[in-house]
Amino acid sequence: MDPQVRILKVLQKVSGKEISPGADESLFVSGLLDSFALADFVTGLEEEFGVTIPDSDLSARKFDTIGKVEAYLAAKR
Amino acid sequence: MAFLRAFGSWLPPRRVSNRELAPLVEATPEWILEVSGIEERRYASETDIVSGVGLLAAQDCLEKAGATAADLGMILVASGSSDRFCPGPAGQIAAGLGLASTPALDIPVSSAGSLIGLTLAAQLAATAGRVLVVGTEIMSRRVSLTPEGKNTAILFGDGAGAALVDADSGFARIADCCLFTDGSSSEVLFVHDGQFQMDGSAVILHASRKIPRAINELLARNQLAASQVEAFLLHQANLNLIARVAAALKTPKERFFTNIAGYGNTSSASLLIAADEWHRGLTGALAGPLVFSAFGSGLNWGALLAIPR
């Protein structure tokens, strides 16, 4: 499955919203994420992609667009 | 061995409601409540000083313990808002208690400082006997009551808490504790030019993962499940964060004592203020394990397990 589709699946699950933001659209401005949902989003990404996201990477800037998340996960593989 | 013997607290009488604060930071009272769970906080008066607030909590704790200052072998004082960088409030609190030679040490760590104090006290009680731990904060002087300072201004309040850790007697034995520090992320929470700076999203992200991890580690190595814990006493940072921690531990949030609605986030004082209020409400003997946990600047975080004696 396309990584962006999998990322979107996690995002929609934690946000409870069915909207699909563009790859470069801020997930915070679009209302899909807030400070608390971000924590669930990161945990969901770990489960969906089978990766461990270290505490040193816990920055909202790394996860605030679908494109950044995709690039981050690609670099983890 | 070390025991929790008593707690104490002091809160300034001035109440600052969301309705009073909201226009200053260009927010609504409803929004403040929604994002923090806080309804009001207490503010110290202009003449209050951090050591003075802490002294009142220390005296309250000693009175509840039926102990005197002369019984103390050591004092540990946590504060992230001390009036002076050096020396901090510990010496002044000791002097206020009438002590002239008892060691009194500062722990300049906001939010997590009291947990660090309790952990150190548990280790030091064997030689010091009775260790008084104080968390004291006047955070209202470290925030900006402006729209630019909104994210911290809505959270913080003033107050002090205290705990007496005793080598011989108390209502619960400190069975284990764990502390962690990760300085690589220290920039998400720090004091700069006298003002508290916070990257709220990063703090929530770190805290909502690190606190459950620390508690789980502590419980696992003591062959305990979260469901067996009588009460969780956490740093009162944000009601939504406490709910997240409860969910992560798959534990009903009712098991987590909270008083943030009335006091706001009193930084390093909050853990001991919460403990004092919880202990006052305890009817009868402690029936099961207690877990304390906090997360704060440094980054520092950890957990402490106390069990009925």
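In this predicted model, chain B is divided into two domains, with domain 1 covering residues 3-166 and domain 2 covering residues 172-308. Taken over C-alpha atoms, the centres of domain 1 of chain B and domain 2 of chain B are 16 Å apart.

The contact between these domains involves 46 residues of domain 1 of chain B and 43 residues of domain 2 of chain B. On the domain 1 side of chain B, the elements that each supply at least two residues include strand E1 (3-10), strand E3 (40-43), strand E6 (130-138) and strand E7 (158-166). Helix H5 (113-128) and helix H6 (150-153) of chain B also each supply at least two residues to that side. H5(B) gives the most, with 7 residues.

Chain B also meets chain A, in a contact that takes 10 residues from chain A and 13 residues from chain B. The table lists the residue classes for one side of each contact.

| Side | Nonpolar | Polar | Charged |
|---|---|---|---|
| Chain A, touching chain B | 6 residues | 3 residues | 1 residue |

Chain B also holds a pair of parallel strands: strand E4 (residues 74-78) pairs with strand E5 (residues 104-107) over 4 bridges. Within this pairing, Ile75(B) stands opposite Ala104(B) in E5(B). Between the two strands, the chain runs from E4(B) through helix H4 (residues 90-96) of chain B to E5(B). This β-α-β crossover is right-handed.

Conventions. Residues numbered from 1 in each chain as written. Chains lettered and ligands numbered in written order. Predicted model: local features only at pLDDT ≥ 70, side-chain atom pairs only at ≥ 80, totals over all residues. Domains from an automatic or database assignment. Contact = placed C-beta atoms within 7 Å. Nonpolar A, V, L, I, M, F, W, Y, C, P; charged D, E, K, R; others polar. Pairing = 2+ DSSP bridges. Right-handed = clockwise from strand over helix to strand, strands pointing away.
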